[in-house]
Amino acid sequence: MSEQTVHKGLAGVVADHTAISKVNPETNSLLYRGYPVQQLAAQLSFEDVALLLWSGELPTEAQRSEFMAFERAHRRLMPQVRSAIDLLPVDCHPMDVGRTAVSVLGACDPDAEDSSPQAELAKAQRLFAAFPAVVAYDQRRRRGQEPVEPRDDLDYSQNFLWMTFGEEPAEEVVDAFRVSMVLYAEHSFNASTFTARVVTSTLSDLHSAVTAAIGALKGPLHGGANEAVMHTFDEIGIRAEESREQAAARAKAWMDEALTAKRRVMGFGHRVYKNGDSRVPTMKAALDRMIDYYGRDELLGLYDGLEQAMDQAKGIKPNLDYPAGPTYHLMGFDTEMFTPLFIASRITGWTAHIMEQRAENSLIRPLSAYSGPAERQLP
Ligand code: ACO
């Protein structure tokens, strides 16, 4: 056996510097470019947060209007993307659709092979603007509905909901959606972001890095957990007629059984945060507003029941995916569309990291400790 120290899962390894975000588990805080994420979620549009992540500073009025016009000009579903999506089965996972769409967008991008800082930013912004139409089109085609054209009089979040549901969304719903986008945008060297940085470090292109990141995000130990949370709720059974207390009691019984069976319950736990995820209180407040808005108290019973039972049994706290899953459910998104919504948001963080990695690149290539047979000879 080798004497080398192995950092399984790279746990505790500091792989590089980043100026994009700071996760501080001790103070349970998360800063984007120095600003607390709670303040950003309370006060800024998602478009402003995207500009902050890319450039490092809040946009001026002129920069904001320029970007708003650019984003609106790139919202339409490209015919090539639509044709590619149409080739995919309607029952394939929407993350496969998202991954394929980004690949096609990359192949068709006018700056495909240009990785200069200006071209990288333009590609990131085009991808940001184009992706909502992919999610909206995919959910609608699965339901046998015609696509809905984007509207220039709506902002990013309003238009996203408009293209998905074909109805003008209520202000309360738009706000909860915006908050989720801001909270999902960036989280330092998580698995998908690190994947994007590894791909970039080979001097590959931005869309290849994002496509790979989507593959990493799909897994239930990462972004796929928001979808898995809803499967848990469905497994316990959502009963509209039930009181909050009754729902909580059934959720607690389910959790006790799941933990006895040593099941991993998605939406709980985090590699970095051990005392709770900094983003959860803000997202939970948005979920509470949606529960009030839709009058669905029984969901709160399930939510609280699971959370309390997990806390009592193992002291493990919810992560962002836990309140985000039922929030998207209440808004009317199909469960499998939840992780593609995470893509739409995280495109900002991924592309900011891709640009940062490229600016001071070093090939990411760790070592391994060999544990196979000692050298031997063929008979
Ligand atoms: N359910 C049940 N037990 C859990 C959970 C969970 N969700 N999370 C951790 N544990 C337990 C493990 O079983 C293990 O117990 P043991 O020591 O008795 O074997 C212990 O806690 C440590 O777990 P690890 O997996 O070693 O811790 P790690 O830091 O690698 O885990 C992870 C982080 C992968 C996120 C884990 O908590 C998990 O699987 N959670 C569920 C998936 C999830 O919600 N992912 C979303 C992450 S956040 C995001 O992407 C926005």
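Lys 274 places a polar side-chain atom 3.1 Å from an oxygen atom of the ligand. This is a predicted model: local features need pLDDT of at least 70, side-chain atom pairs count only at pLDDT 80 or more, and totals for chains, interfaces and linings use all residues. Residues are numbered from 1 along each chain as its sequence is written, and side-chain values use heavy atoms, without hydrogens or water.

| Residue | Residue atom | Ligand atom | Distance |
|---|---|---|---|
| Val 265 | polar backbone atom | nitrogen | 2.7 Å |
| Asn 319 | side-chain N or O atom | oxygen | 2.8 Å |
| Lys 274 | polar side-chain atom | oxygen | 3.1 Å |

On its own the ligand has 910 Å² of accessible area (Shrake-Rupley method, 1.4 Å probe), and the protein covers 69% of that. In all, 22 residues surround the ligand, each with a heavy atom within 4 Å of it. Arg 264, Val 265, Gly 267, Phe 268 and Asn 319 are the closest. The shell divides into 9 nonpolar, 6 polar and 7 charged residues; Gly counts as polar here.

Now the second largest pocket. Its space is about 290 Å³, the volume filled by probe spheres set on the grid points. A pocket is an open set of points on a 1 Å grid over the protein atoms alone, where a 1.4 Å probe fits, with protein on both sides within 12 Å along at least five of seven lines; lining residues have an atom within 4 Å of a point. The lining includes Trp 54, Phe 67, Phe 70 and Leu 121. α2 (46-55), α3 (61-73) and α6 (117-142) each supply at least two lining residues. These helices are DSSP runs (H or I, at least four residues). α3 gives the largest share, 4 residues. By class, the lining holds 7 nonpolar, 3 polar and 2 charged residues.

Terms used:
A polar contact is a pair of N or O atoms within 3.5 Å; within protein, one must be able to donate a hydrogen and the other to accept it, and residues adjacent in sequence count only if both atoms are side-chain atoms.
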